[in-house]
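Reader: Hey, can you walk me through this one? I'm new to reading structures.

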Amino acid sequence: TVTYGTLAGAKKLFSKYDKSGDGTLDARELAGLIRKDLKISKADVSDGDIKALVAYAKDRGIRVMPEFE
């Protein structure tokens, strides 16, 4: 059992969805994490919201988890 409340657990969860292995989550990868592990429905956070969040972060050079490096 992974405890996602720890840094090691967060890294494992991140790696589970980083299908490309590039150290980032694209909109599809992030949507998988949000839907499957966080159990947040499309009614609560739409795919469009996720795409907008990823685009916003990318446009501004925001790295959410720099401590993973």
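Reader: OK. What kind of model is this?

Author: A predicted model, where local features need pLDDT of at least 70, side-chain atom pairs count only at pLDDT 80 or more, and totals for chains, interfaces and linings use all residues. Residues are numbered from 1 along each chain as its sequence is written, and side-chain values use heavy atoms, with hydrogens and water left out.

Reader: How many helices and strands are there?

Author: The protein has 3 helices and 0 strands, running α-α-α from the N terminus. Both kinds of element are DSSP runs numbered from the N terminus: helices are H or I with at least four residues, strands are E with at least two.

Reader: And how much of the protein is buried?

Author: Of its 69 residues, 26% count as buried. Buried means under 20% relative accessible area, exposed means over 50%, and partly exposed is in between (1.4 Å probe, protein chains only).

Reader: What about the accessible surface?

Author: That comes to about 5,100 Å², and carbon and sulfur atoms account for 57% of it. The areas come from the Shrake-Rupley method with a 1.4 Å probe; for residues, only the protein chains shown count as cover.

Reader: Switching to helices. How do α1 and α2 cross?

Author: Helix α1 (residues 7–17) and helix α2 (residues 27–37) have axes that come within 9 Å and cross at roughly 120°. The axes are lines fitted to C-alpha atoms, for helices over the stretch in contact, and angles run from 0 to 180 degrees between N-to-C directions. So α1 and α2 are oblique to each other: under 35 degrees would be roughly parallel, over 145 roughly antiparallel, 65 to 115 roughly perpendicular, and the rest is oblique.

Reader: Which residues of α1 and α2 meet?

Author: Leu13, Lys16 and Tyr17 in α1 meet Glu29, Gly32, Leu33, Lys36 and Asp37 in α2. By class, that contact has 3 nonpolar, 1 polar and 4 charged residues. Ala, Val, Leu, Ile, Met, Phe, Trp, Tyr, Cys and Pro count as nonpolar, Asp, Glu, Lys and Arg as charged, and the others, Gly among them, as polar.

Reader: Is Lys16 exposed, partly exposed or buried?

Author: Lys16 counts as partly exposed, at 41% relative accessibility. Its C-alpha is 9.8 Å from that of Gly32, which is 16 residues away along the chain.

Reader: And how do α2 and α3 cross?

Author: Their axes come within 9 Å and cross at roughly 125°, so α2 and α3 are oblique too. Ala27, Leu30, Ala31, Ile34 and Arg35 in α2 meet Asp47, Ile50, Lys51, Leu53 and Val54 in α3. That contact has 7 nonpolar, no polar and 3 charged residues.

Reader: Where's Val45, and what does Val45 touch?

Author: Val45 is in the loop between α2 and α3 (47–59). Leaving out residues up to four places away in sequence, Val45 touches Arg35, Ile40 and Ile50. Val45 is partly exposed, with a relative accessible area of 24%.

Reader: Last one: what's the phi of Lys39?

Author: Positive, about 55°, although Lys39 is not a glycine. Most residues other than glycine have a negative phi. Lys39 lies in the loop between α2 and α3 and counts as exposed at 67% relative accessibility.

Conventions. Contact = heavy atoms within 4.5 Å.
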